[in-house]
Amino acid sequence: QVQLKESGGGLVQAGGSLRLSCAASGSIFSISAMGWYRQAPGKQRELVAAITSGGSTNYADSVKGRFTISRDNAKITVYLQMNSLKPEDTAVYYCAADRRSTVVAGSPRYWGQGTQVTVSS
């Protein structure tokens, strides 16, 4: 089993920045990719960004140029730097981990509990 612990959510004004962190522990040998999903009220959960252990990344079109995903392999921690935040970025953000194919496809085995990000206008 892999445990994911998220931190860094909060309330920020539009145009501001936040950084989310997600630390993995447990059977980390079983994961090769980590990522962030988000779910806004009344909407489906969507992939925000993902990164493999080799550093390959995927981004949702809506966040390209504003969000950056990075990974510290030594700490088994993934970060999401969110800049130029918009009210529509308001959601619960979930960390995910597994093989790349499942992380990108939305079916990773491991999920964090989620952290709320609220962007006020």
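A few ground rules come first: residues are numbered from 1 along each chain as its sequence is written, and side-chain values use heavy atoms, with hydrogens and water left out. Since this is a predicted model, local features need pLDDT of at least 70 and side-chain atom pairs count only at pLDDT 80 or more, while totals for chains, interfaces and linings use all residues.

On to the cysteines. The structure holds 1 disulfide, a term used here for a pair of cysteine sulfur atoms within 2.5 Å. The bond runs between C22 and C95, with an S to S distance of 2.0 Å. The torsion about that S-S bond is about -85°, so the disulfide of C22 and C95 counts as left-handed. C22 sits in strand β3 (residues 18-26) and C95 in strand β9 (residues 91-98), so the pair ties together parts 73 residues apart in sequence. Strands (E, at least two residues) are DSSP runs, numbered from the N terminus. Both ends are tucked away: C22 is buried at a relative accessible area of 0%, and C95 is buried at 0% too. Buried means under 20% relative accessible area, exposed over 50%, and partly exposed in between (1.4 Å probe, protein chains only).

Next, the backbone. I76 has a phi near 50°, a positive value in a residue other than glycine. This residue, I76, is found in the loop between β7 (67-72) and β8 (77-82), and it is buried, with 16% relative accessibility. S84, not a glycine either, also has a positive phi, of about 50°. S84 belongs to the loop between β8 and β9 and is partly exposed, at 41% relative accessible area.

As for the inside, the largest nonpolar core has 30 residues, and L4, M34, W36, L80, M82 and Y93 are those with the most contacts inside it. Such a core is a set of buried Ala, Val, Leu, Ile, Met, Phe, Trp, Tyr and Cys residues joined through side-chain atoms within 4.5 Å. Two or more residues each come from β1 (2-7), β3, β4 (33-39), β5 (46-52), β7, β8, β9 and β11 (115-120). Apart from this core lies another, of 6 residues, including A33, L47, A50 and A96. Back in the 30-residue core, M82 is in contact (heavy atoms within 4.5 Å) with G16, S17, L18, L20, R66, F67, Y93 and V117, leaving aside its neighbours within four places in sequence.

Technical notes. Helices (H or I, at least four residues) and strands (E, at least two) are DSSP runs, numbered from the N terminus.
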